Amino acid sequence: IIVIKKVILYLFMLTRWDPFTIPENVEEKKEDLGEVLNGDRLVVAPYKLEFLINKQPESICRKLLTRKEVAQFRHAVLKDYFYQMYYDDLPIWGFLGRFETDEKDDTNVATVYLFRNVHFEILYNNDRIIDVFIRNDPNVVVDLTEDREVKVDFTYSVKWTETDIPFEKRLEKYSQTSTLSHHLEIHWFSIINSCVTVLLLTGFLAMILMRVLKNDFVKFTPDEEALDDQEESGWKYIHGDVFRYPRYKSLFAAALGIGSQLFTLVIFIFMLALVGVFYPYNRGAFFTALIVIYALTSGIAGYSAASFYYTIDGKNWVKILVLTGSLFSGPLFLTFSFLNTVAVAYNSTAALPFGTIMVIFLIWTLVTSPLLVLGGIAGKNSRSEFQAPSKTNKYPREIPQLPWYRATLAQMAMAGFLPFSAIYVELYYIFASVWGHQIYTIYSILFIIFIILLIVTAFVNVALTYFQLAAEDHEWWWRSFLCGGSTGLFIYGYCMFFYHARSDMYGFMQTSFFFGYMACICYGFFLMLGTVGFRASLIFVRHIYRSVKCE
C-alpha cells in the first residue's frame, strides 16, 4: 500500500512568509475553533513524503536572498527561531540554522549558517507511521555572516526506518519531558510541600479552634441560674448582627454565581484531562473544551446567583442576571478587544479572524445568554429562606476599633499567602507549558494540587472568619470572599516574577498578551476561590451559632 501523507507546515506567531520561498498556490488547512484561538495557521508544505520511499536530496526551490532577507534569516538564527510541521498528526521541529562564536554573550561577532537541507527520518511499524523527526547536516549550510546577496538551493531528503514500537505508544515520547525523573522529583516535592502545609494548617487550626470553641461553648451554655448573670462577649456577643445581609447584595450574589460556574468549569476540564482527552498535540482541544464548557455552564452561574440573591431578600432579578453575565465576560471581552487590536497591528496570527469572532459571538448569544436566563429563572423560582440560627437585630451594632493587622488588606495578605505557598512550585511548570510551549501531561498531580489549594483556602478562611467574629466584627461576608480570592492576586504577582526572571519575552505585543490574559485568568481564580472561601465560612458560622443558645 502506498500511502501519501501531506506535510502540514505550522506557522506560529509569524508576521510574514518572506524570506522563505512562497509557493504559487498555498493550500491552507481548515482549523477548528480551538486551533484558531491558539493562533495556529496551518498550510501544506511543498514536501512529498511517500510511504516507504526514500529520497536523496531533492531540490524544492532555488532563491537569491537579498541583503534584507539575509539579515532576517541571520536574526532568526541568532534568536534560535524554529519551525514546526505535522506529518500524520505527529509534530516535527527544526531549527533554521546554527551559529558559532567565541564570545559567550556577544552574538555580533558570530558566524551564522543557514541549513539548506531538511532531512526527514520516519519510523514505521507495518503500515503505521510511528515517529518522524528532522536531522540537519551541519555541513550542508549557507554562510549568512556578511550582508550580501546569497544564492540558496533549498533541498529535502527522506529515510524510512522500521521499528517495533506499537502504534498505540507513539505519543508517549512527547509526554516524557514531563515525567523525567528529576521533573517528577520536583512535582512530588511540590505535593509533599503542599501536604505538609495542609497537615500543619489543619492541625494548628483544629487545635486552636477546638480549644477556643470548647471554652466558648462552656462559657456560653452554663446552667440556667448562671446564664442570667453571664455577660456575653466575643463572637456570641454579635449573634444579632452576624447574619445581617451584606452591602451590594446584587454584586455579591453575581460574584458567587460566576465563582460557582468557574469552579464547575475547572472540575469538568480536569475530568477531561484525566481521561486523556488533552493528549499531547491534540491541537485546539483544550480551547475548544474551554469555550464549550463555559457556554454550557452559564446556567449554573444564573441559578447560583439568582437563588442566593432571592435568599437574601433581593428584588430585581433582571439586574442580577445582567451583573452575572457581565462580571467576568465583560472584562474578558475588553481585554480580548485590546489584545486582538494589538495582534492585528503587528500582523500576527494571534489575531482572530472575523469569522471566528462571529462564531464566538453566536455561541454567547444563542447558548450562553439563554442558559444564563433559564438558570436565573430556575434560581428565582427555587428560592428559600436564609437559614440563620439566630435572629438579626433591627439596627446594626457598632464595630469596635480594630488594630491594623485586622484590616481587610492585611487579612487578604495572610489569607492568600498560605494557599499560594502550597502551589507555587507547580506554577512554574504550568506557566512554562502555557507560555513556553512546553508539554504538560501530569494532570493527576495537578489535580491533587488543586484539591490541596481548595482545602487550604477553606481552612484559612474559616480561621480568619473566627478571629474576625471574636473581635466583634460582624461584617464577614465580603471579607471572607476577598480573603478567599486573594490567592489570585498572589498568582498575578508571580506572573511579574516569571516574566522578568524566567521568560525571554520582550516587546509590547508579548508583554501585553502575557499580562492581559493572565489578568483575566487570575481574576477568574479570584472569583472561584472567593466563592470557596465564603461557602466554607458560611458553613462554619452557621455551625457555631447553631451550637450555642442565643437568647
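**Note on helix packing, sheet and aromatic contacts**

1. Helices α12 and α13, the latter spanning residues 443-470, pack with their axes 9 Å apart and at an angle of about 175 degrees. Because angles over 145 degrees count as roughly antiparallel, α12 is to be described as roughly antiparallel to α13. On the α12 side the contact is made by Gln411, Ala415, Leu418, Pro419, Ala422, Ile423, Glu426 and Ile430, while α13 contributes Ile445, Leu446, Ile449, Ile452, Leu453, Val456, Thr457, Val460 and Leu464. The model is a predicted one, and the points below should be read with that in mind.

2. Helix α12, which covers residues 408-435, also carries Phe431, the partner of Tyr494 in helix α14 (residues 477-501). Among the 53 aromatic pairs that the structure holds, the one formed by Phe431 and Tyr494 is edge-to-face, with 5.3 Å from centre to centre and 90 degrees between the planes. The two residues are 63 apart in the chain, and the pair thus links distant parts of it; both Phe431 and Tyr494 are buried.

3. Two arginines are placed over phenylalanine rings. Arg128 lies over the face of Phe167, at 4.1 Å from the ring centre, and the charged end of Arg542 sits over the ring of Phe386, 4.7 Å from the centre of that ring.

4. An open sheet is formed by 4 strands in the order β3-β11-β8-β9, and the pairing within this sheet is mixed. Its edge strands are β3 (55-65) and β9 (128-135), each of which pairs on one side only, and from one strand to the next the twist averages 20 degrees.

5. Within that sheet, strand β8 (residues 117-125) pairs with strand β11 (residues 150-162) in the parallel sense, over 8 bridges. His119 stands opposite Ser157, a residue of β11.

6. Is Tyr174 buried or exposed? This residue of helix α3 (residues 172-175) has a relative accessible area of 3% and is therefore classed as buried, the cut-off being under 20%. Tyr174 and Thr441 are 267 residues apart in sequence, yet their C-alpha atoms are 9.1 Å apart in space.

Note on methods. Residues are numbered from 1 along each chain as its sequence is written. This is a predicted model: local features need pLDDT of at least 70, side-chain atom pairs count only at pLDDT 80 or more; totals for chains, interfaces and linings use all residues. Side-chain values use heavy atoms; hydrogens and water are left out. Rings of Phe, Tyr and Trp (its six-membered ring) pair if their centres lie within 6.5 Å; planes under 30 degrees apart count as stacked, over 60 as edge-to-face and the rest as tilted. Buried means under 20% relative accessible area, exposed over 50%, partly exposed in between (1.4 Å probe, protein chains only). A charge sits over a ring if NZ of Lys or CZ of Arg is within 6 Å of the ring centre and within 35 degrees of the ring normal. Two strands pair if DSSP finds at least two bridges between them. Axes are lines fitted to C-alpha atoms, for helices over the stretch in contact, and angles run from 0 to 180 degrees between N-to-C directions. Angles under 35 degrees count as roughly parallel, over 145 as roughly antiparallel, 65 to 115 as roughly perpendicular and the rest as oblique. Contact means heavy atoms within 4.5 Å.
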